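Please open the model in the viewer and keep the selection panel at hand.

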Amino acid sequence: MLWLLFFLVTVIHAELCQPDAENAFKVRLSIRRALGDKAYVWDTNEESLFRAMVAFSMRKVPNRETTEISHVLLCNVTQRVSFWFVVTDPSKNHTLPAVEVQSAIRMNRNRINNVFFLNDQTLEFLEIPSTIAPPMDPPVPIWIIIFGVIFCIVIVAITLLVLSGIRQRRRKNKGSSEVDDAEEKCENTITIENGIPCDPLDLKGGHINDVFVTEDERLTPL
Amino acid sequence: MAQAPSPGPLVDSCEDERPRWDSKFQYLLSCIGFAVGLGNIWRFPYLCQTHGGGAFLIPYFIALVFEGIPLFHIELAIGQRLRRGSIGVWTAICPYLGGVGLGCFTVNLLVSLYYNTVLVWVLWYFLNSFQYPLPWSSCPLDLNRTGLVGECQGSSPVSYFWYRQTLNITADIEDSGTLQWRLVMCSAACWAVLYLCVIRGIETTGKAIYFTALFPYLVLTIFLIRGLTLPGAIEGLMYLFTPDMQILQNPRVWLDAATQIFFSLSLAFGGHIALASYNPPRNNCKKDAVTIALVNSLTSLYASITIFSVMGFKATNDYRQCLDSNILSLINEFDFPEQSIPRDDYPAVLMRLNTTQPDRVAQLPLKACCLKDFLDKSASGPGLAFIVFTEAILHMPGAPGWAVLFFGMLFTLGLSSMFGNMEGIITPLLDVGVLPKGVPKEALTGLACLASFLLATCFTLQSGSYWLEIFDNFAASLNLIIFAFLEVVGVIYVYGMRRFCDDIEWMTGRRPSLYWRLSWWAVSPMLLLGILLAYIVLLAQRPPSYKAWSPQHEQFPSREEKLYPGWVRVICMLLSFLPLLWVPAVALAQLLAQHRRRLKDTQPDTSMKPEEGRGC
């Protein structure tokens, strides 16, 4: 009698969990893509962990605190690794509505991902969209900071160059005004030699040779 | 000055005050920096790729030898001999041809405006490269935070960042939109940097050029080494350089080679004339011309090797991603174990599945993946730099660093070209004496930069990039070719071949050989006329159109081809022809002035007027 009951139960279970059954979800894992060499093998232990996580998620839903691990049924496990699962009610006759399961999974998606070291892209619940993480916006965009630095450096450099240019010009003007004073003394005497005016010889175009300027110092003072 | 009587027009005695280069190397570097610009990076590799790979080098070098180097030599020679900017040089050669100088000056002004806008875009990308992950690596979320922005999902994060977050482009040129304050800020920074470098003319650009001209070569080398070690680089190089000799029968290839040489050397801008005018009079300008032209072409070649290796890497990457997505579809559908289909086995597995279960395979979204298709995707201009290359950088490890290097290189390349452009504007203004004597040079350069910044803000509108394309196509191309033609004709036929050769002999010590004389006398003018006619024919063949980025377009993300509206076409015409009007205008003005002077002259001449001494 018992084996008949057992047979009936497994048959009913088999009917509840089938590909494309009502309220069933397909799950696909890409363990090798996520972990590479550190990939673990998907065996029955991992399956029971998954069932535990789904049960945990359902227990957080207000009316479903009594969900047990045995209420979560897995079937059609392939080598991919992919499988289907349903969550049944305590009587094990009906499956819980897809909407409830979906919202429960979405609330705890992060924890389920972390248990298996996967993320939303490598642990896929087909037909359950993942919530997108909010963007991390820094308070001041980085480009403004760098722009400010470059602009300040450039403005400071321009100011320095302009100021040094003004100072150079002032020095040149002072130098040339001294030359102008000296010219006024010699203006009255323009000697002409061989038809060429001696203009080029005076201070306007010529250079002063310092060796001869301090002639009075050669003579010792009395 | 020289002891021997120098032939040619008289030179003022205030020549001693003219600034000079610190060294020959500085002068060469400035000319190389001016000639080597963004076009070497993003135009030459594209032409090489679309015109038969290695075979393109043949028409390119023929154009270099018969058109580029002779014209370049003329510009350097007249600048060095007459020691004036473009306006002064032409007024000195022949007053009736003074319009050529004014026209070159105008074109230079127009080009500076839009060339600097490209630098603004480069600066914006440069500023955004200092973060991880790069902002163009993923789509932003939409307003509800439920998904990604539709426009971005429909195209690609890279395109979205360029068209929406940088340009914020409108769908039509008539819709100007608003000023983009981010671009206005970057524009202010760009013009400030430029002002800092050209503030005292060649005194300051001479110092800045050591960095801006040499840094790009360093970065190109780094990228070359990195590129060659990436997977797929060698295939890319081999495919893209494999010569296809058949393509030489297409006249378009020869036209493109000739125009590429012309614009690559930045001829007829007046910039080289200005730079050469600061040389000592006895300088071997022939050797300079050959050296600079060769360095420019070799840089183009070097850059294309780098670009092709990175493009090969990108094509291989895209091909692998295409294969991987197909393999994933198969694995998911048939529940094969993960990574059970290697990329090489994919065709065999697909065939097997197609024969056993064709209906299941048919409903899968499988794409046709062919490496050649990815390699054939070519891009030039801003598309190459801001879309294709930025996407390639995303896949390199350490992407922000590579992005910083790449955009830093583009910025310094463009900046050194802008130095030449600004010299081509400022030197003639200084020679003509636009500002009174007491006003310092810093004020003139400041005014020039400020005026250019204010004018260039029109390119920071939302439709700015459409206008930039118009300026690029119409303001620069026809005008420069005509001015270059007038340059050759003016110097060789009006000034006189014999006098010009005498000048060169005085400057360099050797008379130009037959190659030079033949090129100047016949080959270069004919080539220029040929290019001009071909341009006009191509322009007349189809009405000018532009490609608009319109998210509402059915074939989005392909760009929508639209015709220019009437008023825009009028502006295109004006841009093409107004600078040319200087030539007849100045000639006419000179004629009238000469006529009036002859009427006034009732007494016999006592002194030889300088204009009558010229054979003009």
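Begin with Asn128(B), which is found in helix 6 (residues 98-128) of chain B; helices here (H or I, at least four residues) and strands (E, at least two) are DSSP runs, numbered from the N terminus. The model is predicted: local features need pLDDT of at least 70, side-chain atom pairs count only at pLDDT 80 or more, and totals for chains, interfaces and linings use all residues. Residues are numbered from 1 along each chain as its sequence is written, chains are lettered from A and ligands numbered from 1 in the order in which they are written, and side-chain values use heavy atoms, with hydrogens and water left out.

Asn128(B) has a relative accessible area of 5% and is therefore buried (under 20% relative accessible area; exposed is over 50%, partly exposed in between; 1.4 Å probe, protein chains only). Now display its surroundings. Leaving aside residues up to four places away in sequence, Asn128(B) touches Trp143(A), Leu134(B), Pro135(B), Trp136(B) and Phe161(B), contact meaning heavy atoms within 4.5 Å.

Next, select the interface. In chain A, 29 residues are in contact with 33 residues of chain B. The two chains, A and B, bury about 2,800 Å² between them, and 68% of this lies on carbon and sulfur atoms; buried area is the accessible area (1.4 Å probe) that two parts lose on being put together, summed over both.

Which side chains meet in a salt bridge at 3.3 Å, N to O? Select Glu442(B) and Arg169(A). The count between chain A and chain B is 2 salt bridges (a side-chain nitrogen of Lys or Arg within 4 Å of a carboxyl oxygen of Asp or Glu). On the side of chain A that touches chain B, strand 1 (25-29), helix 2 (31-35) and helix 6 (142-186) of chain A each supply at least two residues. Helix 6 of chain A gives the largest share of that side, 14 residues.

Then select residues 140-163 of chain A, where UniProt (unreviewed entry) places the feature "transmembrane region"; such annotations may be inferred rather than shown by experiment, feature names are shortened, and positions are given in the numbering used here. The end C-alpha atoms of this span lie 34 Å apart, and the span is 92% helix and 0% strand.

Finish at helix 1 of chain B. Because 10 of its 12 residues are buried, this helix is largely enclosed by the rest of the structure. Among them are Tyr27(B), Cys31(B) and Phe34(B).
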